[in-house]
Amino acid sequence: MIEFRDVSFVHQNGVRALDGVSLRVDAGEFVALVGENGAGKTTLVKHVTGLLKPASGSVLVDGVDTRAASTAQLSRKVGVAFQNPDHQLFSETVEEEMSFALRNFGFPPEVVRERVSWGLELFGLGEYRRSSPLILSGGEKKRLTLACILAWDPQVVMLDEPTVGQDAIQKEKLAGTILMLKSAGKTVVVVSHDIEFLWPIQPRVVVMKGGRVVGDGPATAIMQDRDLLASARVAQPQLVEFYQELHRRPGTPFVHPLDAARWAEEAMLP
Amino acid sequence: MMWLSGGFIFRRGDSFYHRLDPRAKLLNSVLMFTTTLLARSIFEMVLVILFMVGLSAAATVLKRVARTMAFTALFSGFIFVVNVLFTRDLETSVLYAIRFIAIVVSTSIFFITTSPDELEQVMKMFRLPRDVVFAFVTAVRFIPVMMLDTIQIMDAQKSRGLELEKGNLIRRVRNMIPILIPLVVNSVMRSGELAEAMEARAYGAVPRPTSLLVYRATRADVGVVCAAVALFAIAAYSFYFVVPVRFP
């Protein structure tokens with residue numbers, strides 16, 4: 001679905017944001033991009049929507065070279081919710097905000113109404129339908145931007161730091177939404193520093209550092225690699241640390257970090 | 001847009017020119033600016049521009065000054081055409097076109113080598129009201145931030161299918177609404193947050209706050225100003241006492 005072939009990119013200020021990145025994300029995969037600030041995660045996302053074009057190498061989205069397509073064309077397939085919701089909200093009402101992209105893509109009015117209602121209900125924003133999006137709280141704005149993206153049903157959903165400003169309940173709901181998208185066959189890419197959020201939903205984890213991919217694999221394998229994560233300034237999930245600590249002691253009952261997770265969950269139940 | 005801003009906005013540097021006293025840099029720019037107004041021949045104007053190019057090279061900002069010149073050249077071209085049409089005097093038209101570039105470059109060198117903090121100190125030395133100085137310097141400081149905001153907003157809206165280059169003029173102007181509203185809202189929100197943060201850090205608690213930076217003129221300051229004064233003196237002498245040599 002998405003393929004980076006030896007992609008490099010240098011910003012105008014001379015900073016090499018991507019350095020020979022080769023990465024393949026298949027349709028229906030759920031991938032988390034993690035890494036220190038400035039590792040090139042957001043730059044990678046912008047390449048998928050064609051907002052940035054590679055200096056060398058190529059990026060293919062559903063077989064289409066991003067250099068040969070406009071952002072509007074690519075956006076029909078790839079929905080991106082950027083980090084700061086204030087960078088996109090401008091309409092008079094929440095429902096108009098949600099319908100903006102749908103109208104841009106030429107959806108018929110009845111479909112627009114239907115999708116807007118669906119998105120608002122999904123993210124618990126129905127009561128704000130006729131309110132200004134600018135009066136929403138930070139968390140609500142973030143949810144609105146997600147709803148805006150999902151409204152046009154893109155094949156790929158990319159979320160840049162979706163948990164920022166979200167409380168625990170909303171994070172849980174977001175995790176549920178991501179799993180729902182995954183089960184619906186969508187390709188989901190999440191950029192996040194929130195390891196505790198990513199751990200329970202078990203994505204394929206791609207670790208980035210200095211514009212390079214330095215680690216790639218299932219969450220259980222990557223999250224146990226303390227040195228790799230430390231080199232990319234990513235914290236280990238607490239449960240994995242707990243498991244590794246227990247594993248050093250003789251007679252540990254767990255053979256896998258997920259066993260430890262399950263045990264901890266059961267132990268915490270009343 | 002960022003390419004263009006590179007020719008106008010301060011970026012930290014470590015050249016001798018960056019380290020000059022901001023008062024010397026201001027005086028130097030004012031002298032260069034005035035000299036360009038006094039220069040009456042292409043030769044003199046080229047001399048001033050060469051001086052500015054030399055300073056830019058010494059300040060390691062030549063590339064960015066060249067961007068400023070390239071951008072200004074578009075307007076200079078317009079000035080040249082209008083002058084040729086109305087005055088029918090090729091030499092004067094060329095002079096005016098070059099003068100415009102020189103004027104912009106003389107101010108550009110000051111702004112790209114002087115930090116907002118230094119600018120603030122210079123303005124305070126002129127006894128301008130503190131609130132006015134603060135508002136001006138903050139506005140300057142936030143220009144690159146707003147440019148970055150604009151790019152991010154454009155990215156976000158383009159990712160929602162907005163095509164800025166599509167349609168006729170009216171449609172294109174309307175397409176700017178999703179860019180301008182978040183930009184204005186963000187700026188207003190940011191200014192409110194900044195005001196609160198400043199008050200929380202005792203802004204306005206005393207009428208005359210102390211300063212972190214104290215400037216003293218060095219030999220380099222005197223040298224650069226003397227060079228600019230010499231150039232100014234030549235241009236002034238030429239302006240008042242020498243009949244300009246004109247090409248046949």
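Reply: The contact draws 21 residues from chain A and 19 residues from chain B. Two residues are in contact when their C-beta atoms, placed from the backbone, lie within 7 Å. On chain A, helix 2 (71-75) and helix 3 (94-104) each supply at least two residues of the side that touches chain B. Helices (H or I, at least four residues) and strands (E, at least two) are DSSP runs, numbered from the N terminus. By class, that side of chain A holds eleven nonpolar, eight polar and two charged residues. Ala, Val, Leu, Ile, Met, Phe, Trp, Tyr, Cys and Pro count as nonpolar, Asp, Glu, Lys and Arg as charged, and the others, Gly among them, as polar.

This is a predicted model: local features need pLDDT of at least 70, side-chain atom pairs count only at pLDDT 80 or more, and totals for chains, interfaces and linings use all residues. Residues are numbered from 1 along each chain as its sequence is written, while chains are lettered from A and ligands numbered from 1 in the order in which they are written.

Now chain A itself. Chain A has eleven helices and ten strands. Its C-alpha trace spans about 65 × 50 × 30 Å along the principal axes. A compact globule of 270 residues would have a radius of gyration near 18 Å, and chain A agrees, with 20 Å. That radius is taken over C-alpha atoms, and the globule rule is 2.2 Å times the number of residues to the power 0.38. Of the 270 residues in chain A, 44% are buried. Buried means that 20 or more other C-beta atoms lie within 10 Å of a residue's own, exposed means 12 or fewer, and partly exposed is in between; C-beta atoms are placed from the backbone. Among contacts in chain A with a separation of 6 or more, 61% join residues 24 or more positions apart.

The largest nonpolar core has 75 residues. Leu33(A), Ala147(A), Ala151(A), Met158(A) and Val205(A) touch the most other members. Helix 5 (residues 138-151) of chain A gives the most to this core, with seven residues. A second, separate core has 31 residues, including Leu20(B), Met45(B), Ile101(B) and Ile112(B). A nonpolar core is a set of buried Ala, Val, Leu, Ile, Met, Phe, Trp, Tyr and Cys residues joined through C-beta atoms within 7 Å. Leaving aside neighbours within four places in sequence, Val205(A) is in contact with Ala32(A), Val34(A), Gly217(A), Ala219(A), Ile222(A) and Met223(A).

Next, the strands. Chain A contains an open sheet of four strands in the order 2-1-4-5, with antiparallel pairing. Strand 2 (16-25) and strand 5 (64-65) of chain A stand at the edges, each with a single partner strand, so one side of each has no neighbour in the sheet. Two strands pair if DSSP finds at least two bridges between them. Strand 4 (residues 56-61) of chain A pairs with strand 5 of chain A in the antiparallel sense over two bridges. Asp65(A), in strand 5 of chain A, is the bridge partner of Leu60(A).

Strand 1 (residues 2-10) of chain A holds Asp6(A). Asp6(A) is partly exposed, with 13 other C-beta atoms within 10 Å. Beyond four places in sequence, Asp6(A) is in contact with Gly20(A), Ser22(A) and Gly57(A). Asp6(A) and Ser58(A) lie 52 residues apart in sequence, yet 7.0 Å apart in space, C-alpha to C-alpha.

Strand 6 (residues 78-81) and strand 7 (residues 156-160) of chain A run parallel, joined by four bridges. Val157(A), in strand 7 of chain A, is the bridge partner of Gly79(A). In a regular strand the side chains alternate between the two faces of the sheet. In strand 6 of chain A, Val78(A) and Val80(A) point one way and Gly79(A) and Ala81(A) the other way, and all are buried.

Last, chain B. Chain B has ten helices and zero strands. Its C-alpha trace spans about 60 × 55 × 30 Å along the principal axes. Buried residues make up 30% of its 248 residues. Among contacts in chain B between residues at least 6 apart in sequence, 81% join residues at least 24 apart.

Chain B is divided into domain 1 (2-114 + 219-241) and domain 2 (121-200). These bounds come from an automatic or database domain assignment. Taken over C-alpha atoms, the two domain centres of chain B are separated by 28 Å. Six residues of domain 1 of chain B are in contact with seven residues of domain 2 of chain B. On the domain 1 side of that contact, helix 1 (2-5) and helix 2 (22-38) of chain B give two or more residues. Helix 2 of chain B gives the most, with three residues. The residues of this side divide into four nonpolar, one polar and one charged.
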